[in-house]
Amino acid sequence: MSNFVWCHGPSCHKSHTQDRIRGVKGSKVLRTKKVQQTEWNRDRMYSYFCSQGCYNDFANTYVREVIAIAPRLEPLETPINVTKEQVQYGWRDGTYTNTRITTVDNNGG
Ligand SMILES: [Zn+2]
């Protein structure tokens, strides 16, 4: 059973690679690549794109539509605690200030 989707990169069929060549002499074409569906790429972007380049082409072509799915109109914030601590290093009494950021668990757990 062949389980695949065609790469969604809008220019996938324009890349000059041998594995895209199909057809017989005199009527050859560059064809969009197949993307095999595996347990490793299930529900991941690599189940729809043959490469990072094709993913970037798609994202740059359709960025407005993609952002419209979940627009960010306000910033998100993560509650944190910030603590400073002096840390000694070496054997000569040298110290530096270490900034420690920990997230605040608002779920009571
Ligand atoms: Zn592709």
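The model is predicted, with local features requiring pLDDT of at least 70 and side-chain atom pairs counted only at pLDDT 80 or more, while totals for chains, interfaces and linings use all residues. Residues are numbered from 1 along each chain as its sequence is written, and side-chain values use heavy atoms, with hydrogens and water left out.

The zinc ion has as its protein donors the SG atoms of Cys7, Cys12, Cys50 and Cys54, at 2.2 to 2.3 Å. Donors are N, O and S atoms within 2.8 Å of the metal (3.2 Å for Na, K and Ca); water is not among the atoms, so sites may look incomplete. The angles among the 4 donor atoms run from 105 to 116°, and the site is tetrahedral (four donors, all angles between 85 and 135 degrees). Along the sequence, the donor residues follow the spacing C-x4-C-x37-C-x3-C. Cys54 is buried, at a relative accessible area of 4%, whereas Cys50 is partly exposed, at 26%. Here buried means under 20% relative accessible area, exposed over 50%, and partly exposed in between (1.4 Å probe, protein chains only).

Side chains of opposite charge can pair when their charged atoms come close. A search of the whole structure gives 1 salt bridge, defined as a side-chain nitrogen of Lys or Arg within 4 Å of a carboxyl oxygen of Asp or Glu. This salt bridge joins the side chains of Lys33 and Asp19, with an N to O distance of 2.8 Å. Lys33 lies in the loop between β3 (29-30) and β4 (34-36), and Asp19 in the loop between β1 (4-6) and β2 (21-22), so the pair ties together parts 14 residues apart in sequence. Strands (E, at least two residues) are DSSP runs, numbered from the N terminus. Lys33 is partly exposed, with 24% relative accessibility, and Asp19 is also partly exposed, with 40%.

Lys34 is placed in strand β4 and is partly exposed, with a relative accessible area of 44%. Leaving aside residues up to four places away in sequence, Lys34 touches Phe4, Val5 and Trp6 (contact means heavy atoms within 4.5 Å). The C-alpha atoms of Lys34 and Tyr48 are 9.0 Å apart, and these residues are separated by 14 residues along the chain.

Strands β5 (residues 80-89) and β6 (residues 94-103) pair in the antiparallel sense over 10 bridges; pairing requires at least two bridges found by DSSP. Glu85 has Asn98 in β6 as its bridge partner. The two strands form a hairpin with 4 residues between them, and Gly90 in the turn has a positive phi of about 65°.

Terms used. Tetrahedral: all angles 85-135°; square planar, octahedral: opposite > 155°, others 65-115°.
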